[in-house]
Amino acid sequence: MRRCGVLMPIFSLASEYGIGCFSKEAYRFIEFCERTQLRVWQMLPLGPTSYGDSPYQSFSAFAMNPYFLDLEDLVSRGLLTEQECVTALKEDVSVIHYEKQYRTRFGVLKKAFERFMQHPYDTYDSFKKEQADWIYDFALYMAIKDAHDGASWQEWEKPLAMREEAAMKEARQTYRTDVEFHCFLQYFCYLEWETLHNYAKEHGVSLMGDIPIYVAYDSADVWSHPELFFLDETGKPKRVAGCPPDAFSENGQLWGNPLYDWEKHKENGYDWWMKRIRHNFQLFDELRIDHFRGFEAYFAIPYGREDAKEGAWEEGPGEAFFETLKQTVPQAKIVAEDLGTLTDSVRQLLKKTGYPGMKVLEFAFCTNEKSEYLPHRYQTNCVVYTGTHDNDTVKGWYATMPEDEKEFLTDYIGRDVDEESVTWELIRLAMASVADTCIIPIQDFCNLGTDARINTPSTLGGNWLWRIGKEQFTPELEKQIKTMIALYER
């Protein structure tokens, strides 16, 4: 079935409290999707973010970000007063101030927690039991981390860092109230999300999540399951993840995530990974798996290096992993992020899985090669994007495009374009292509420039900040989207 969707991070939604969340604006966005016939809402990972605020560096592969809690929902439940929320967090701003969120939001939420614990809901204990595989380790991890002023677990006292039995027993007692607080936060995140997800289903909108292949070193996952990663006896990584130097980066990309010990995962039937994927399919209807090529082969960089120039390709879990996945979640709808330089073996693995890969139009118009991202080269089993969260908006991309590539683009689409018209011409190319699914970032639908860019890879600061204004959702935009979807039978 041909269909069209939109890429919109939760944090980029409008709201009155400084960051997009599971609030009325999220419900209005679902209604916008329904009216325009956008069938898929793709978002970025929802986990609690660490240093740098990237959703791809989270404290947990299972938890949700408490920043996304709808404060107005907690007010309606009698757990907060409107004045408490307004005094601390009222901030209808165009960019996110993460430090203010960090400094003030948890103080407000602790008031809600104290009131809730006087009369907890009947489903609270059952939620904790259902999520027992991860929630107690995560909550204890966050409680200890808070007590250590946010320091990574590697900087804690050795008995806690290495999870020695006596130290763990003492910590559970010492931090029991703080552990309960973090369980409370997750309970309400999941409660609000379930309501939002059901609303999307009722309105014919499929929610697509995003699973980063790697987890952060500073995470409950690595702390509580060190045996699943390549760590030394002190808990430090032996090797870390990244990408080697290429035409876009002379030093490569040093991500720094600890690498999986895939042999250990294989020994237990990829149990942790299967739990992670099952868990995500309870939250979402579809999933995008980030860095698909890392399952075929991954780049391992010795720990302590300052760049990714030194490293080696290692064999990933390959086909066995995806065979296990298909047995575990037979009806899983998965999109493989297969961008970048691909080998024949990666292409072969993708073909065997049957998953659709990604095509990005901003990668298509290099004049020195015949790009696989040009629409006339597509197979139907793919997802086409104008750009992703890691790219500039189309308008910003075109502004810095080399002249020869602009000429190629003009020749390809058969008409002259400029900075104002190019975005919708690329949207038209995507919509008209044979790709089964077409997903457009909301910034491109709104024809916004570089100021609306979500992320610039390999940079710190200035990322994950952009928020949409309510004024962007005009009747004219709805008509334009709906007309093009109808024209190209999506």
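Start at strand β6, residues 286-289. Glu286 and Arg288 point one way, Leu287 and Ile289 the other, and all are buried. Buried means under 20% relative accessible area, with exposed over 50% and partly exposed in between (1.4 Å probe, protein chains only). Strands are DSSP runs of E with at least two residues, helices are runs of H or I with at least four, and both are numbered from the N terminus.

This is a predicted model, where local features need pLDDT of at least 70, side-chain atom pairs count only at pLDDT 80 or more, and totals for chains, interfaces and linings use all residues. Residues are numbered from 1 along each chain as its sequence is written, and side-chain values use heavy atoms, without hydrogens and water.

Now look at the neighbours of β6. Two strands pair if DSSP finds at least two bridges between them. β3 and β6 run parallel and are joined by four bridges. Here Gly209 stands opposite Leu287 of β6. β6 also pairs with β9, again in the parallel sense, over three bridges. Arg288 has Val335 in β9 as its bridge partner. Strand β2, residues 40-42, pairs with β3 over three parallel bridges.

Step back to the whole sheet. It is open, with eight strands paired in parallel in the order β9-β6-β3-β2-β1-β12-β11-β10. β9 (334-336) and β10 (357-360) stand at the edges with a single partner strand each, so one side of each has no neighbour in the sheet. From one strand to the next, the twist averages 25 degrees. Such angles run from 0 to 180 degrees between N-to-C directions, using axes fitted to C-alpha atoms, for helices over the stretch in contact.

A cavity is a set of points on a 1 Å grid over the protein atoms alone where a 1.4 Å probe fits but cannot get out, and its lining residues have an atom within 4 Å of a point. Grid points join across faces, edges and corners, and volume is the space filled by probe spheres set on them.

The whole structure holds four cavities of 30 Å³ or more. α12 gives the most, with four.

Definitions and conventions. On a 1 Å grid over the protein atoms alone, a cavity is a set of points where a 1.4 Å probe fits but cannot get out, and a pocket is an open set with protein on both sides within 12 Å along at least five of seven lines; lining residues have an atom within 4 Å of a point.
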